[in-house]
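Dear colleague,

Please find below the structure I promised to pass on to you.

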Amino acid sequence: MDTGIRHRRITIGNVDAFYREAGREDAPVVLLPHGYPCSSYEFRNLMPRLADRWRLVAPDYPGAGYSGTPDDFDYSFDGYADFLDSFVKALGIDRFVLYLHDFGSPIGARLAIKAPERIVALIIQNGDIPYEDALGPKYAEIESTWSLPAAEMREKLAEAVNEETFRKEFLNNVRPELAERIPPDLWRLHWSLVTPKRKQIAVDLIAGLKENRDWFPQHRSYLREHRPPALIVWGPQDEYMPEKSARAYLRDLPGAELHLLDGGHWLLETHLDEVVRLMRGFLDRVHAPSA
């Protein structure tokens with residue numbers, strides 16, 4: 001069967017949205033919200049590897065990748081969750097496994113809370129965690145700006161939105177031989193798509209991590225009350241989300257499968273074969289196609 005990726009556009013509200021899709025349209029769905037500073041491009045290698053049995057759908061958020069950047073969109077974690085909600089409804093998707101990675105974790109969790117019955121299972125891969133005591137050391141750099149006056153905080157955060165910081169975000173403390181597997185296309189492509197408007201959006205999102213901290217109890221409550229089947233695939237070489245971050249999820253998801261790989265934040269670049277093997281086994285158990 002054809003396992004290639006289709007590149008499509010759809011209008012969601014006032015957003016000209018770009019998304020990647022692979023697999024049969026009647027196959028069980030895996031929704032792939034992306035992280036920062038990335039786009040659906042991060043799933044380009046994963047999608048064909050699973051498209052023989054599942055339908056993979058990966059949208060670009062407004063203000064990211066190849067989606068539009070309208071002036072009157074709510075560029076916040078809540079706004080992006082509302083966008084994803086409208087997106088899956090527009091595509092007629094009512095049940096799906098949700099992949100949570102990086103900023104896609106607080107966004108995807110908000111989507112799950114909107115309609116828990118839609119969520120078949122979670123695949124959590126170095127996703128931003130709702131556990132204050134298990135965050136990595138790099139978060140301290142962001143937190144250090146929170147005591148500044150708002151304008152000064154935003155100015156400080158804006159200094160970190162540049163191509164060199166993007167490069168560091170994608171390499172993110174992995175060993176040199178693993179860093180060689182991470183293509184410079186990632187930071188050069190995504191930096192090339194940053195406009196002055198998009199830079200402000202990035203600053204708003206990073207600044208929004210302060211308010212997002214107040215939302216952690218809702219995220220934990222969802223996990224604890226609904227206990228969705230979960231596969232946790234983690235790269236501990238991650239200055240934002242080290243091994244203790246992965247293990248923290250077991251407090252509210254004690255039945256989750258936890259796999260620590262010898263990698264970092266961007267496992268789909270460095271450990272694709274291992275991630276695919278784990279995902280296929282998990283999806284076959286919880287979200288297998290009908291005969």
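With which residue does Arg53 form a salt bridge? The partner is Asp284, and the closest N and O atoms of the two are 2.7 Å apart. Arg53 lies in the loop between α1 (46–50) and β4, while Asp284 belongs to helix α14 (residues 272–286), so this pair ties together parts that are 231 residues apart in sequence. Arg53 counts as partly exposed, at 28% relative accessibility. Asp284 is partly exposed as well, with a relative accessible area of 35%. Please bear in mind that the model is predicted.

In total, the structure holds 24 salt bridges. Another of them links Arg55 with Glu21, where the closest N and O atoms are 2.5 Å apart. Because Arg55 lies in strand β4 (residues 55–59) and Glu21 in strand β2 (residues 15–22), the pair ties together parts that are 34 residues apart in sequence. Arg55 counts as buried, at 7% relative accessibility, and Glu21 is likewise buried, at 0%; the cut-off for this class is under 20%.

A further salt bridge joins Asp26 and Arg24, with 2.7 Å between the closest N and O atoms. Here Asp26 counts as exposed, at 60% relative accessibility, whereas Arg24 is partly exposed, with a relative accessible area of 36%.

Rolling a probe the size of a water molecule over the atoms shows where empty space is left. The count comes to 3 cavities of 30 Å³ or more.

The largest cavity holds about 260 Å³ of space. Its lining consists of 21 residues, and Tyr36, Pro37, Cys38, Gly63 and Ala64 are those that lie nearest its centre. Helix α9 (residues 196–207) gives the most to this lining, with 4 residues. By class, the lining has 15 nonpolar, 5 polar and 1 charged residues.

The second largest cavity has a volume of about 90 Å³. Among the residues that line it are Ser105, Asp128, Tyr139, Arg213, Trp215 and His219. The elements that give two or more residues to this lining are α3 (104–114), α10 (209–213) and α11 (216–226). The largest share, 3 residues, comes from α10. By class, the lining of the second largest cavity has 7 nonpolar, 3 polar and 2 charged residues.

Yours sincerely

Note on methods: Residues are numbered from 1 along each chain as its sequence is written. This is a predicted model: local features need pLDDT of at least 70, side-chain atom pairs count only at pLDDT 80 or more; totals for chains, interfaces and linings use all residues. Side-chain values use heavy atoms; hydrogens and water are left out. A salt bridge is a side-chain nitrogen of Lys or Arg within 4 Å of a carboxyl oxygen of Asp or Glu. Buried means under 20% relative accessible area, exposed over 50%, partly exposed in between (1.4 Å probe, protein chains only). On a 1 Å grid over the protein atoms alone, a cavity is a set of points where a 1.4 Å probe fits but cannot get out, and a pocket is an open set with protein on both sides within 12 Å along at least five of seven lines; lining residues have an atom within 4 Å of a point. Grid points are joined across faces, edges and corners, and a volume is the space filled by probe spheres set on the points. Ala, Val, Leu, Ile, Met, Phe, Trp, Tyr, Cys and Pro count as nonpolar, Asp, Glu, Lys and Arg as charged, and the others, Gly among them, as polar.
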